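Hi there,

Here's the structure I promised to pass on. Have a look at it first, then read my notes below.

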Amino acid sequence: MPKYIAALDQGTTSTRCIIFDHSGEIISSSQEEHTQIYPQPGWVEHDALEIWGNTQEVFQGALVKKGLAISDVVALGITNQRETVVVWDRTTGQPIANAVVWQDTRTDKLCDQLAAEGGQDRFRPQVGLPLATYFSGPKVKWLLDHIEGAREKAEQGELLFGNMDTWLLWNLTGGPQGGLHITDVTNASRTMLMNLETLAWDPQILAIMDIPESMLPEIRASSEVYGEGVGVFKGLPVAGILGDQQAALFGQTCFEVGSAKNTYGTGCFMLLNTGEELIFSENGLLTTVGYQIGNQAPIYALEGSIAIAGALVQWLRDNLGLIESVPQVEKLALSVEDNGGIYFVPAFSGLFAPYWRSDARGAIVGMTRFITKGHLARAALEATAYQTKEVLEAMEGDSGVPLKSLKVDGGMVKNELLMQFQADMLNVPVIRPKVAETTSLGAAYAAGLATGYWKDEESLRVNWNKAQEWKPGMSSEKRNKLYTGWKKAVTRTFDWVE
């Protein structure tokens, strides 16, 4: 009887369980969306208990679909939306508030206060990150400062903090009855609280942010057996944790220094493997942990994070009613020959890499009477490609390594128009693998390596197969003209929030 590996992918809009076989092929999957909560402009929240309920459902759903028993699964890996913060009571298991999502901008004034001494890069030498609303640390401080009684409870050791990986692991290994309070190096590297060299919580930053260390999970490698599940996960070894973008890097088998991938999901995230070397960006990128296998040395990465990519298409659907389903955007965009001279800069949560401007807000520029909804759809897709080009230029500047091709994954890679335009903008081939669900695959690989299901990295490389390749076909004159227009449009979004 063949055995399988399961991956839980707890994303920004949904939670999935995907079950893989030994060749990295998808055997079964199940998915549940969760509620997006917007209490105020710039605030984004999730109900952590709803997500935990969905997690149990999708795991059981994936087993039932294929008629599998839990004993058919060798191990479980977890991958998750990073920087989204849950703080909960260790005795009751109840969150003290909704989860504060990575896109949430409520900590902008707090980040400004922290930057008053030492500037936006105050902590970059320790954590590789600029002070920005994106990261977990300031969110935790905000909750402790604003939820009544939270700080007192935290100081008495009654509260726990975690990104979604920690919340799920704690619950599926027992919750209040002995649940494991653990995170991995990749998620810890997104909190702004972990020192990249020591891979330990930084006491100086914890003191400045006034966050008790008793709240924080234990930091472990990305691939090792942490413990066993209970309840619907009874007896199942949990053996891999990776933040979603690092999981995609691993799932794309970007094991060589200089290999890169770009994930097109709610946001857009490009990672470049820099090996055991810590490279601090001069061009607005993040330095992060790529992965750590067991007791091996950690592998670092440079990352360009874009807040809004696929979320812009969802906005066209949900807020404007311009399309009824996400795939329709491509057909609408193909109804026109070009963008008609408009640019859509989706700075809904400010601008991330390479600008890090929380004062920016979204703008559509270049509007004339000529513009139709087709042009709007096209400009929305092109925005993702332009933002990716900006990140790639920063990466090449920092690493000195020119990109030869780009491996891509995520929901938006099904969009042929976008992928071709991306190849045209970057002037390098864009390659989609056979298994596009590389985030889940990376988590499965981490769990499978830890339990001996896969022998080594080489056996994972063998699984990687190309499904499609888009080659650049645009003249440099046209490319430069379009990109110059984009750069001009971006400047129009600055200084919007006082």
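A residue counts as buried when its relative accessible area is under 20%. Keep in mind that this is a predicted model.

Let's start with Gln 10, which sits in strand β1 (residues 4-10). Its relative accessible area is 0%, so Gln 10 is buried. The side chain of Gln 10 also makes a polar contact with the side chain of Thr 15, at 3.1 Å. If you skip the neighbours within four places in sequence, Gln 10 is in contact with Thr 15, His 34, Ile 51, Thr 79, Asn 80, Gln 81, Met 164 and Leu 168.

Next up is Ala 360, in the loop between β19 (343-345) and β20 (363-365). Ala 360 counts as buried too, because its relative accessibility is 0%. Again leaving out neighbours within four places in sequence, you'll find Ala 360 in contact with Ala 347, Gly 350, Leu 351, Thr 493 and Phe 494. For a sense of scale, pick out Pro 203: it is 157 residues from Ala 360 along the chain, and their C-alpha atoms are separated by 32 Å.

Last, helix α9 (residues 244-251): how many of its 8 residues are buried? The count is 8 of the 8, so α9 is largely enclosed by the rest of the structure. Among those buried residues are Asp 244, Gln 245, Leu 249 and Phe 250. Just after α9 comes Thr 253, which takes a positive phi of about 50°.

Cheers

Notes. Residues are numbered from 1 along each chain as its sequence is written. This is a predicted model: local features need pLDDT of at least 70, side-chain atom pairs count only at pLDDT 80 or more; totals for chains, interfaces and linings use all residues. Side-chain values use heavy atoms; hydrogens and water are left out. Buried means under 20% relative accessible area, exposed over 50%, partly exposed in between (1.4 Å probe, protein chains only). Helices (H or I, at least four residues) and strands (E, at least two) are DSSP runs, numbered from the N terminus. Contact means heavy atoms within 4.5 Å. A polar contact is a pair of N or O atoms within 3.5 Å; within protein, one must be able to donate a hydrogen and the other to accept it, and residues adjacent in sequence count only if both atoms are side-chain atoms.
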